[in-house]
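Have a look at the model first, then read on.

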Amino acid sequence: MMKRILIESDEILVQAIDALTSCEPRFEYVLEHTGMPKLRLRPDGFQTLLQAIVSQQVSVAAANAIWSRLEIENFLDPNRILKTNEERLNSVGLSRQKIRYAKALAAADLDYIALRQKSDDEVIEILTEVPGIGVWTAEIDRKSTRLNSSHRCISYAVFCLKKK
């Protein structure tokens with residue numbers, strides 16, 4: 001049985017890739033052609049989920065432009081989102097639908113610290129109760145990997161809450 005580790009630093013990432021390439025030498029070829037992958041952990045909380053909503057169904061360039069305007073206007077706080085009218089939020093690039101989702105996320109008043117103690121399935125269930133957060137968004141960069149012969153989804157819980 002493989003020992004499961006949580007990759008929280010570049011050093012651990014290198015160790016994990018070394019272990020992977022020693023088990024399967026073909027990954028060495030892939031690594032030579034793609035380079036070292038980047039560590040993809042993100043902070044948990046409102047801003048990460050808001051950024052996921054902003055990024056839905058738009059190009060990376062468009063999402064980055066909208067996010068930059070949200071940062072400039074300091075619209076990264078749930079209370080600020082709730083207090084700002086739709087016209088103002090639209091002026092920074094949010095569509096009517098995304099405004100509704102951003103306000104729903106802000107109003108949900110999620111306990112991000114408590115989410116850290118929940119299983120992936122519980123986190124996904126809680127997050128998908130918020131309009132605009134479907135399973136894909138709750139899982140953030142949905143990826144499947146093969147661990148111990150069972151599929152495990154690398155989700156918000158892993159990328160943001162740093163759960164195993």
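Which helix is the place of isoleucine 81? Isoleucine 81 sits in helix H5, residues 78–83, where helices (H or I, at least four residues) and strands (E, at least two) are DSSP runs numbered from the N terminus. Keep in mind that this is a predicted model: local features need pLDDT of at least 70, side-chain atom pairs count only at pLDDT 80 or more, and totals for chains, interfaces and linings use all residues. Residues are numbered from 1 along each chain as its sequence is written, and side-chain values use heavy atoms, with hydrogens and water left out.

**The chain overall**
- The chain has 11 helices and two strands, in the order α-α-α-α-α-α-α-α-α-α-β-β-α along the sequence.
- Of its 164 residues, 35% count as buried; buried means under 20% relative accessible area, exposed over 50%, and partly exposed in between (1.4 Å probe, protein chains only).
- Among contacts (heavy atoms within 4.5 Å) between residues at least 6 apart in sequence, 56% join residues at least 24 apart.

**Around isoleucine 81**
- Isoleucine 81 has a relative accessible area of 0%, so it's buried.
- Setting aside neighbours within four places in sequence, isoleucine 81 touches Phe46, Leu50, Phe75, Leu89, Ala102, Lys103 and Ala106.
- Take alanine 106: it is 25 residues from isoleucine 81 along the chain, yet their C-alpha atoms are separated by 6.7 Å.

**Surface patches**
- Patches are made of residues with over 30% relative accessible area and no salt bridge, joining like charges within 9 Å and nonpolar side chains (Val, Leu, Ile, Met, Phe, Trp, Tyr) within 5 Å. A salt bridge here is a side-chain nitrogen of Lys or Arg within 4 Å of a carboxyl oxygen of Asp or Glu.
- Leu20, Phe27, Tyr29 and Val30 make a nonpolar patch of about 380 Å², and helix H2 (residues 26–34) gives the largest share, three residues.
- Valine 30 belongs to helix H2 and counts as partly exposed because its relative accessibility is 40%.
- Asp121, Glu122, Glu125 and Glu129 form a patch of negative charge. Lys and Arg count as positive and Asp and Glu as negative, with His and the chain ends not counted; each charge is placed at NZ of Lys, CZ of Arg, CG of Asp or CD of Glu.
- Aspartate 121 lies in helix H9, residues 120–127, and counts as exposed because its relative accessibility is 62%.

Technical notes. Accessible areas come from the Shrake-Rupley method with a 1.4 Å probe; for residues, only the protein chains shown count as cover.
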